Amino acid sequence: MNNSLSELKSILQTRFNNSADLSIRYISLRSDQKITAAVITIEGMVDKEELAQVAVNGLLAYDFKSSNANEAFNIMLYSVLASSDVTSFSGFADFSGIEQLIGYITSGFAVFAIDGVERMIAVGAQGYAFRSVSEPESEVVQRGAREGFSEPLRVNMSLIRRRIKDPDLVFEQVTAGEKSKTQIMLCYLQSAVSQKLLDKLRKRLDNCDLETVLASGYLTEYLEDPHTSRLFSGVGISERPDTVCGKLTEGRIAVIVDGTPAVIIVPRLFVEEFQGVDDYSNRTYYASFIRVLKYLSFFISIYLPALYTALAQFHPEYFPTWILIKTANSLSRTPLPVTLEALAVTFVYEIMKEAGLRIPKSLGHAVSIVGALVIGESAVSAGIISSSTLMVAATAAICSYVTSPLYPPVTVLRFGFIAVGGILGLWGIVLATALVLISLCSKTSLGVPYLSSISPFSLRAMRDVFVRSSWRSLSKHTIKVQNFAETEEK
Amino acid sequence: MLKKIIIILSVFPLVLGGCKSSHKLETASIIENVSVHKQDGQLVYTFYILTDSDTPSAVAINADSFEEAQSLAAEKFIPDMSLSKLELLLIEKEARSEVMPRDIEYISTQASFSPIARVAVCDNAVIEKMRQVSEAQNTIKNQIVLCKKNNPDVNTDYLSVFNSFSGGRDKTVTVPYIGGNGDFKVTTIEINK
Amino acid sequence: MRSEVRFSSKRLLLTLMLCACSVILLQNYSVPAELSFTLKLCSLLLGLAVCFICFLPAVLLKKRSGGDLLSLVSRRSMLEQRAVGVFYAVYFLYASLYFLTPYCDMFCKKYYPDASPCLVAFLLLACCVYAAFKGANAITRFGIFLFVLAMLTNILMFGGSVSSLRFDSGAWAIEGGADAFARGVNYFATPCFIAAIFVCLAGEARLFKLRHPLIAVALTGLKFALVLFFITFAVGEYAQRQEYQTFVLSRVAHFGSFAGVESFYMALCTMSVFMIISLLLCCLCKSFNKSGSLPFTASFAVAAFVLHFIAASNNSVKEILTDPLLLNIFSICASVVVPLLYYFRSSFERSRHA
């Protein structure tokens, strides 16, 4: 690279296409040799005040005397910028090369260059705006911490490091996205993690050929095992540092993506969808009760509408007598077959749910009234849908929120099972269950069977599956996720 | 592409062929009880359809056997009839000798007939009451349960009645007998095989 | 990239035990009615002893080579591989139809009278193709869920029939002719087919111990004995009046006013037959070294469907496909004769080299 600052400016302006946020400020150093330095930043990415007070003013005030350009650079590197005032910055490095320069300034570093010297100094003076640490809305707990991940990578790393003070905790940097060059950190405990799983993960991230990676969700498809069911996700997401730290101790790997608070955790097992932070803070009996409730809710949300449809359509004799009469009276007044009714009610509910997510808060109240009164009350009174079908669909919908991470697959399965139950009856539901089970049984996450703990069965792991055993029992043996791995690839 | 073709080929006959076997709840006629009595020398089989009204919804059919009555009922009078939820088979004592064991024998070959249905013999007044008031059916069933508690050897359900008729060393079969007009009294009666 | 899968031997034998238990679920006047309960139990013991003996050749091969018969055959000439492959393909196809035909018959007679047995067979086979494509490992994992369903169904079926138990002292007598006894032994030896499956899949099982197949056969015997006991003493003479006596048992089971155990029986039957046919299709593909090949699996499923279609319209074909004696002969050839041939052959070659 050419040593001249003017050439450097020209190269940068060409590379950034004369972008208005590229800032190159020249400084004349106090020296007998008339040395010119430049401060290269991206507007809005650096904390100008701190940079000016600590670095720039320090440079301007320093007397370089008769030093030449190279000597001035060394003084700047080892003396001026490395002084105690400058240690308030997040990073400090000397380097050479235009690509590294671009990498630093786009990451919020301020780069100091001297005319005639190839090497440059990057000072971590990030000052871009970011959201403060707050409680994640998608993972609200009663007794756990109120901290959640934020967008900056370094903030998230610090949240994890604070909780695991062991030097065994490793952060490994990777870059993804040809254009975005998004920074990613692989986080794991060296003594707990399996090298095989780690190598697999690294390989999959290397195979990621995206141009831009703007969120962790972009990477999930690359991290899933190929040729396995995509109905349930084999990749976990969490916005809570305490959850991530707990998973790290079980030999899992966290993937922290710069610019997104959602941290990826692999491998992911089915039983983890029913485990929550509050389970480990509450009393054992209550935590176990909630765990069982979650499993029941999961099955009710998928099977209740389907069983109702199948029994009403094919096997009415299986209804208890008192329900049979009321349901028959209710259904006889409506024009649609029970299958179509169930599908329609479930579909309308999904529309209302999506509308509720996107509607402005001021209008949310009106939508609730429209939904409850117009669609619920009026449609039943007019005899368009039956009250029993509405009740079944509503119960299933409420149950689906008990395990909200599973909402997407539960919704799809609910529709599928209603259709199958309405066309083929109980037999269809049984066959569909067999198909879904086989699909899940063949699913793996980084080679670890997705249904591990249940199938393959592990008696020891059952302490934390359907019930939550006491901490004395749980602390005796920490089950590492790699112990479940059966498949070995050639 | 191959997977999509297989899925479409699988779904198509599913849609076409699956709907035939449906017995919709709103159109199904679930038979709750059956009674048999003699009227003018002719057997009358009465099928009581499940309903929530106070007056029973009953269809009376003159027939020589249960098989004939069931066939006539399904063809002409009670569309989409189901006997899977049958709870009570009541036989008037005058019709008993003709009905048992012939109809008992026929019913044993029918998979749709519930084997745990209660079987009892009664007098004419009970049959009349059953045809007038829905609540009478529940009262009779409760009385049969009570009878079984007091007499463990009595055969109260169809399965035990059939097995007693078919096998065993005893020459008689003991079943509940319901008498009385409004105030049902349950005793037992022995029937010769 | 193909994966080398080795799974727990306990899980494999659990799956095979569930396959064997489905034999009694689909019994249709298969157990001679003239035999007393005591003699039925004796014929059961004898039949299952034959079943356990059929495991021994595969166990010997496993102990010697750590693999199964098919891995041994794969080192031979192409012609020999093809011949063994064809034999096992025909056997597994026959065994699939042995379960598919009575299942479709039972289902259409007892549950959906208006449904076409061919449609039922088609849909079931389509699902089995998918499961076979996923491989034996996934099927054995599925077996754990089926085990839970089986336990629940058995508790409901047997628990609900307790109130109907009537003990007749005559049932304990030694009654029944030699011919009936022989037919009984023949029927209770039908679970030999699991030994043939084990012959093909033994190489994928790790941590194998001889007690695993012994426990599997013993638990199968326990299930059979319980079903026989409840059919004899709870259902009684009524069982002989209708087809599919275990269905009748599930119909009789009730807890007060709660009935409907036959729905659990239907679920258990469906999933058991689904698992059996999937496993057989899996082994079929393995015999040709085509594991995980969807077109290959689908082609044999189509063949099974065509044969089922023929059987549905031709009674003599149906009788051949559901003859337990034929299945047993076939199973013994597949699980005993062929493995022993290869065992002795490899022993002979080893002693020659030594």
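This is a predicted model: local features need pLDDT of at least 70, side-chain atom pairs count only at pLDDT 80 or more; totals for chains, interfaces and linings use all residues.
Residues are numbered from 1 along each chain as its sequence is written, while chains are lettered from A and ligands numbered from 1 in the order in which they are written.

**Domains of chain A**
- Chain A is assigned domain 1 (5-124), domain 2 (153-279) and domain 3 (282-441), with bounds from an automatic or database domain assignment.
- Between the C-alpha centres of domain 1 and domain 2 of chain A there's 35 Å.

**The sheet in chain A**
- An open, antiparallel sheet has five strands in the order 8-9-11-12-10 (strands are DSSP runs of E, at least two residues, and helices are runs of H or I, at least four, numbered from the N terminus; strands pair if DSSP finds at least two bridges between them).
- Strand 8 (169-176) and strand 10 (236-238) of chain A are the edges, each with a single partner strand, so one side of each has no neighbour in the sheet.
- Strand 9 (182-189) and strand 11 (253-257) of chain A pair antiparallel over four bridges, and A:Met185 has A:Ile256 as its bridge partner.

**Chain B meets chain C**
- The contact (C-beta atoms, placed from the backbone, within 7 Å) takes 17 residues from chain B and 20 residues from chain C.
- On the chain B side, helix 1 (2-18) and helix 7 (158-166) are the elements giving two or more residues.

How values were computed. Two residues are in contact if their C-beta atoms, placed from the backbone, lie within 7 Å.
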